[in-house]
Amino acid sequence: MTELERAVEEICEEMRQRPDRGEVATYIPELARVDPQAFGLVVIDADGTVAAGGDSDVAFSIQSISKVFTLTLALGMVGDRLWRRVGREPSGSPFNSIVQLERERGIPRNPFINAGAIAVTDVILSGHQPREALGEILRFMQFVADDSSIAIDERVAASEQRTGFRNSALANYMKSFGVIENPVDFTLGVYFHHCAIAMTCRQLAKAGRFLAHSGRNPATGHFVVQPERARRINAVMLTCGHYDGSGEFAYRVGLPGKSGVGGGILAIAPGKASIAVWSPGLDEAGNSHLGRIALEALTKRMGWSIFGV
């Protein structure tokens with residue numbers, strides 16, 4: 001057993017025994033049904049070695065983790081022109097806050113808060129029908145994960161559409177400033193559905209490999225994005241990937257990462273590994289409670305923090 005495999009096995013056992021598991025998201029009814037005892041962890045290193053433990057092959061709703069991949073797609077479509085419609089700064093506010101939009105004339109603070117991700121989705125939608133845009137996002141996820149079985153959980157998408165009043169408010173408010181160009185219902189429909197993509201930790205860790213290796217998928221040798229773009233996506237993940245808990249995550253884990261309210265986190269150890277962890281219980285900032293603790297333990301054991309051992 002390698003050092004990495006031993007670390008993953010021990011961390012999974014530690015997390016299985018912990019009583020403090022956070023609170024499962026309830027504002028999306030389908031997410032409230034998820035077993036709070038679930039925990040999965042997968043690490044894929046530079047050589048392609050997979051270390052997996054716990055519920056690593058159970059599919060879960062990736063929610064806001066999809067925003068990493070929609071950001072990648074949108075940058076591929078319009079390049080740096082994207083930053084005219086969305087910023088790159090940490091928000092310091094809850095992920096669904098409308099307050100900053102009013103102060104900043106409809107420009108979302110970054111692409112990972114809900115407003116920013118809706119604006120990014122609108123960029124991908126432009127020139128397409130909603131079904132085409134959604135298909136493009138799903139195919140991209142399947143491509144980077146090398147797994148055509150990845151699909152949208154339609155029950156979660158429907159649940160989000162029924163209860164997404166705050167997101168509707170954000171989108172309509174941005175529409176009033178011209179930040180949203182397409183019909184609001186079309187943009188929101190695509191947004192709700194890409195957040196409802198279901199993946200396992202194994203699939204998610206594979207999907208993130210290009211960000212760990214300067215834009216290149218080491219399994220194929222092909223570049224998904226250029227090294228500079230991969231570096232910049234990682235930078236936004238580090239500063240904005242955990243909403244108003246991003247500073248705490250950087251302080252404790254020391255890796256670029258993106259969380260979702262389904263309890264997943266995709267974390268990137270540049271040059272070393274792509275990591276996916278899932279534990280449905282959330283902390284007060286809406287990030288996986290045990291997921292963050294597990295990643296902190298992993299980076300300490302492996303010396304993977306980007307800030308030094």
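Visitor: Which residues is L211 in contact with, leaving aside its neighbours within four places in sequence?
Guide: V68, A230, I233, N234, M237 and I268. Contact means heavy atoms within 4.5 Å. This is a predicted model: local features need pLDDT of at least 70 and side-chain atom pairs pLDDT 80 or more, while totals for chains, interfaces and linings use all residues. Residues are numbered from 1 along each chain as its sequence is written, and side-chain values use heavy atoms, with hydrogens and water left out.
Visitor: Which residues touch the most other members of the largest nonpolar core?
Guide: F69, L82, I197, M199, L204 and L211, out of 53 residues. Such a core is a set of buried Ala, Val, Leu, Ile, Met, Phe, Trp, Tyr and Cys residues joined through side-chain atoms within 4.5 Å. Buried means under 20% relative accessible area, exposed over 50%, partly exposed in between (1.4 Å probe, protein chains only).
Visitor: And what gives this core its largest share?
Guide: Helix α5, with 8 residues. Helices are DSSP runs (H or I, at least four residues), numbered from the N terminus. A second, separate core has 27 residues, including A7 and L255.
Visitor: Rings next. How many aromatic pairs are there?
Guide: The structure holds 4. In one of them, F140 and F210 sit edge-to-face, 6.5 Å centre to centre with 70° between the planes. Rings of Phe, Tyr and Trp (its six-membered ring) pair if their centres lie within 6.5 Å; planes under 30 degrees apart are stacked, over 60 edge-to-face, the rest tilted.
Visitor: Where do F140 and F210 lie?
Guide: F140 is in α5 (residues 130–145) and F210 in α10 (residues 209–212), 70 residues apart. Both F140 and F210 are buried.
Visitor: Switching to charges. How many salt bridges does a search of the whole structure find?
Guide: It finds 14. The criterion is a side-chain nitrogen of Lys or Arg within 4 Å of a carboxyl oxygen of Asp or Glu. E13 and R16 form one, at 2.7 Å N to O. E13 and R16 are 3 residues apart in α1 (residues 3–17), so about one helical turn separates them.
Visitor: What about E181 and R85?
Guide: Their closest N and O atoms are 3.7 Å apart. E181 is in the loop between α7 and α8, R85 in the loop between α2 and α3, so the bridge ties together parts 96 residues apart in sequence. R85 is buried, at 16% relative accessible area.

Methods: Helix = DSSP H or I, 4+ residues; strand = E, 2+ residues; numbered from the N terminus.
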